[in-house]
Amino acid sequence: MSATAPALEISGLTKSFGTMRALDDVRLVVEAGTVHCVLGENGAGKSTLCHVVGGSLVPDKGVLRLYGTPYAPRRPADALAAGIAMVHQHFSLVPTLTVGENLRLLRLRDLPRRVARVREEYGLEPDLDARVSDLPVGVRQRVEIVKALLREPRLLVLDEPTGVLGPAETDALLATCRRIAAAGHAVVLVTHKLGEAARAGDAATVLRAGRVAGGGPLAELPPERLVPLMIGRPAASLDAGLAGTIGLTEDRPSPGAGASAGPGTGASPETGTSGAERRRGPGALRLSDVGVRRADGSYALDRTSLDVGFGEIVGIAGVEGNGQSELMALLGGALAPDTGRVELAGRDITRAAPRERTRAGLGVVPEDRHREGCVPQLPVAENLFLGRLDRFRRYGVFLDRRAMNHAADAVLTGHGIRSGGPGALMSSLSGGNQQKVVLARELALDPLVCLAAAQPTRGLDIGAVGAVHSRIRQASAKGTAVLVVSSELSELLVLCDRIVVAYRGKLLGPVDPSQPDARERIGALMLGADHPAGSGTEGAGRAAATAPRPVPGDAPRH
Amino acid sequence: MSAVLDELAAGGVRLAIPLLLASSGELLSERAGVLNLSVEGMMLTGAFAGAAGALASGSAGVGVLTALAAGLLFAALQALLSVVLRADQIVTGITANALALGATTYGSRLVFGDASADSVPGFDPIPVPGLHRIPVLGPALFEQTALGYAAFAVAAALALGFSRRTGWGLAVDAIGEDATTADRCGLPVRAVRFAAVLLTGAVSGLAGAQLALSEVHAFSDNITGGIGHLAVVAVIAGRWLAWPTILACLFFGVAQSLQFAAPALGLHVSAPLLTTLPYVVALLAVSGLVGRSRAPSGLTVPFLRGS
Amino acid sequence: MPPPPLPPSAPAPSSAPRAALPRLAPLLGHPVSVGLLAVVLAGTAGLGLVLGAGTTPATAWNALAEGMFGSPYAIGSSLNSAAVLALIATGFTAAHRAGLVNVGGEGQLCAGGLAAAAVGLALPAGVPAVLGVPLVLVAGFAAGAAWAGIAARLRTRRGTSEVITTLLLNFIGVGLVSVAVHEEALLRQPVTSSETLPQSAPLPEGARLPLIGGIESPATAIVVIAALAAVITGVVLRRTAVGLRLRSVGHSPAASARLGLPVARLETGGLAFAGGAAGVAGAGLVAMAPSVLAEHFSSGYGFSGLVVGLLARGSLTAVAAVSLLFGFLTNGGINLQLAAGVPASSVQIVQSLLVLFVAAAMFATTRNRSTS
């Protein structure tokens, strides 16, 4: 093991799933003492690469070397034994166990000492007695990171770790990465956000469609050069909203890029015009005094009110786990509130079944596309029309598949959805096209009073993000009220007329995205600033207490 | 009256011993995510092999060893199917029971022939001096055969050794709850599941030996008569927790024993009704009418890495 | 308090199949080679068992064939057995489409038989068959559906796994039949001597299933009912909106709920139909010779039917084929013992091996309830 050997050296790595080549002749060198970013759009092969390094997937071809010695993991245990710790995109904590029990599963000696060390060095202190299933996602992510750090790894691999974190938590995590590198170990940070790479990374490798598109020291790779590597076209071709989704523009978008004025890519001509026929005014969707209690008695939604007007796009920002999921479940009809009312165009739908909501004109694009948004094992046509099968009857009893496929064809063409036809299984579509199918289905409601979409562009490539945004703007232009829940602040800033911030079950704000200090104000609200009097100070105090302590020597680079 | 109570308690514990053995293995297996519906078959195989071994060697001790070996072999084949080849656990369980019933019935013609099989050497009760004179508890607990005492020890050891507080118990629970996460923590998922099925086979084999060598000193076709199923049900009634499962076994034993003691107590209870009682209790236990109960999330779901 | 170290991961069970999989999968994966291989292996074992019993293969084969289709009687009783299995497996398939595993065929069959006997015995002696038979069958369906409905309700209301509850309800169903035929106050025939069997009195003539194969064949209307049930279920599952909705619920209850499908109602309906079909099978068993409800009349049909359903993997054509195979084999096995002196248990062994071989060979194919 020579001093100059890289921490991780990968060459000729190839992995196929069926006919799809997820990784194709990938080469990657991670020097010890550095943070190496792996960049790329969704579907570029980043997660597959992580799984290979972590031993969850065995590659078809390729050689891996760890600190100079050959490394060929057959199972995750091999990776752990070699001193590699992973933080997966999907949590790997057993939900029915407590945090402490999950940590004990690692079977590490002198666990208390290690826990103490992680607390001292990184300021991370998990509540060992809390049951994982009771914790919000952001906290789970921190436990996940603690779990990785307890192993004192010589290589830490983080797969999209910041998706569920707020700005302060993200800063702390990136600082943690720097500290690990400073201690002489190596970090692989997988992300699709260029801003994070710029702040924490030393070098980067860009993947596109399973191949290495380029890379090198980040000092020599400004965003203008990284973007074309990632998406295959120049950065200038992106509008502000799209640039925001890859973290290209950390600063506020230029005034006028807001929803009402911004000509989104491919948006219909009516966008931005004040069509005389479209309905305006408040009351399309009205939540009044809505409260949802969790099992432990705390409030997931704490007597919250919100009014979304016709033709208005309202965004909900905030760190995940502050009541957004409950709000969406409430709108979708999966959850009934303990207090308060939900009204759609004046009609009480608080306890209406999902079917009645759909009839009344409430479209919902759920956050978890695979679990709730669609049925991946069924064909596209079925996914489009499952709720309206009565329209496709033959002889009164049989299902008229031909008519259904015909209707589906029209939708696929109209929305520019690329698939193997109406009979193709939903699971065979790319994430972007799946989301377009879900959106097409919800937008086809007649009447469509309100569309509620959670994380509508998560996991989509740039082109699909543009299409989804323009569909949402079109719907709004026709008078539909739109509620967008997103953890991508940049997305909300360009898309919305008004942004509220979810914080501990309350909706704080609103913030006008066209104001110059919108981003800063939202950031402050996400930490509970200007929380209504009374609980405000307590809230802010606790927020500070739970956020990781800043660590000396971690000033953001660049 | 007290003689009747003695009888009831002693009979209850005697009937509970094979249950205790088998269900303490089955509990671990289910906590690790494998539903062995074939405990009945494992037990029957153990009883057959135990009786055959004892007959051939003239020693009950050798019979215990052959029963153990047969249980392990049976379990290894089943684990190969359900853990390694990921065959459906319900199909393999039910079919393995049928196979065991067929094979032991066929085999007993060959091994025991028409000769009366009650010449098999067996175990005799060993009263613990002093303790066995305690009213009710004495005859119930302290007049067992060596195999019976061993059964108590095995059940207690497994309950303590694999409690959630121990690293082993925690690992088993994690594997049954979320195999992918356990795998990522470096736990050997399939090896643990394989071992849990083997353990179930071993203890069920012993339970079979207890039936054939401690109780009747003979093998007869379908000698288990559903006791193996009852062991699976005890785990359900105990809501996948060790001590409640042990209690359920004892309760089931006493309920069965009541059939014989009822007339002496002057009770008219339908015998089939008593036989059915344990299943009703188990149904009530899992139906959530009394507290919460949850089966391990990964129960019957085979593990495949990278899915 | 550090936990004790676990043994290092044993490589044997996990690495062996990985190496074998790519080479064997295409070969073993093909249904025809799977079936053929399983039959050959199980047949070889059967041959050994026949020889072990001191019989020549020719004698054994003749006895087996004779018992399967050597006479109208053999064919008729084989068909009756196959029909009972097919009904249970058909119901299983419908529930499985909705994502539910109905392990409770045996108990539902008992509930159906119990209700059929109760209704049948309550009918006047001279009841006409056009009235009596439908009443008995409807009673069986309703009781089976209600029995499965307990499990469905516990699942939709309390989230209790239907695998566990239907399993338990089997034993309770079998127990209830025992109770009923042991108590004169319930369904036991009048006890006249110590020889009186614990079973019900025979059903009146008008409540018994009509024969369909002439005077020599015991084949009853249950065969027609099972065939109709399989065909109609197949059409409903494949060609109607209900079938599609069940499939959607089976794949993703959450997405189905979001799309406005009545998930709980579909799940309950699927499981209740499975129970009803098994209940009809139970009613059929009671309403054919000897037309009594006896202890253990279900004799494992429920479990065999479940195995048929699982092996058929959603195809109703396969349900019919496997049911016929099992029905004929079972009856052939009985004759094997009567005519050739080979223990009937050897057929049980061969049949189990056949199932285990097929189950083992299915491993390469995908499952419908995968977790992503």
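# Close-ups of a three-chain predicted model

**View 1. Where chain A meets chain B.** Here 19 residues of chain A are in contact with 15 residues of chain B (in contact means that the C-beta atoms, placed from the backbone, lie within 7 Å). Helix H2 (76-81) and helix H3 (99-104) of chain A each put at least two residues into the side that touches chain B. H2(A) supplies the largest share of that side, three residues. Ala, Val, Leu, Ile, Met, Phe, Trp, Tyr, Cys and Pro count as nonpolar, Asp, Glu, Lys and Arg as charged, and the others, Gly among them, as polar.

A word on the model itself: it is predicted, so local features need pLDDT of at least 70 and side-chain atom pairs count only at pLDDT 80 or more, while totals for chains, interfaces and linings use all residues. Residues are numbered from 1 along each chain as its sequence is written, and chains are lettered from A and ligands numbered from 1 in the order in which they are written.

**View 2. Where chain C meets chain B.** At this interface, 47 residues of chain C are in contact with 49 residues of chain B. The helices of chain C that each supply at least two residues to the side touching chain B include H1 (11-29), H2 (31-52) and H6 (129-158). H7(C) gives the most to that side, with 11 residues. Sorted by class, the side of chain C facing chain B holds 30 nonpolar, 15 polar and two charged residues.

**View 3. Helices H12 and H13 of chain C.** Helix H12 (residues 301-312) and helix H13 (residues 316-340) of chain C pack at an angle of about 140°, and their axes are 9 Å apart. Axes are lines fitted to C-alpha atoms, for helices over the stretch in contact, and angles run from 0 to 180 degrees between N-to-C directions. That angle is why H12(C) counts as oblique to H13(C). The cut-offs: under 35 degrees is roughly parallel, over 145 roughly antiparallel, 65 to 115 roughly perpendicular, and the rest oblique. H12(C) passes H13(C) in a right-handed crossing. A crossing is left-handed if the near helix is turned anticlockwise from the far one by less than a right angle, and right-handed if clockwise. On the H12(C) side, the residues are Ser304(C), Val308(C), Gly309(C), Leu311(C) and Ala312(C); they meet Ala318(C), Val319(C), Val322(C), Ser323(C) and Phe326(C) of H13(C). The contact has seven nonpolar, three polar and no charged residues.

**View 4. Helices H6 and H9 of chain B.** Helix H6 (residues 146-161) and helix H9 (residues 189-215) of chain B pack at about 155°, with axes 10 Å apart. With that angle, H6(B) is roughly antiparallel to H9(B). H6(B) passes H9(B) in a left-handed crossing. H6(B) brings Leu147(B), Gly148(B), Ala151(B) and Val154(B) to the contact, while H9(B) brings Val203(B), Ala209(B), Gln210(B), Leu213(B) and Ser214(B). By class that makes six nonpolar, three polar and no charged residues.

**View 5. Two annotated spans of chain C.** An unreviewed UniProt entry places the feature "transmembrane region" at several spans of chain C, among them residues 73-95 and 268-289. UniProt positions are given in the numbering used here, feature names are shortened, and annotations may be inferred rather than shown by experiment. Residues 73-95 of chain C are 100% helix and 0% strand, and the end C-alpha atoms lie 34 Å apart. Residues 268-289 of chain C are 86% helix and 0% strand, with end C-alpha atoms 33 Å apart.

View 6. Most residues other than glycine have a negative phi, and most peptide bonds are trans. A cis peptide bond joins Gly509(A) to Pro510(A), with omega about 5°, and Pro510(A) sits in strand E22 (residues 506-511) of chain A. The bond from Ala289(C) to Pro290(C) is also cis, with omega near 5°; Pro290(C) is in the loop between helix H11 (263-286) and H12 of chain C. Tyr395(A), which is not a glycine, has a positive phi near 55°, and Tyr395(A) lies in the loop between strand E17 (393-394) and strand E18 (398-399) of chain A.

Key:
Two residues are in contact if their C-beta atoms, placed from the backbone, lie within 7 Å. Helices (H or I, at least four residues) and strands (E, at least two) are DSSP runs, numbered from the N terminus.
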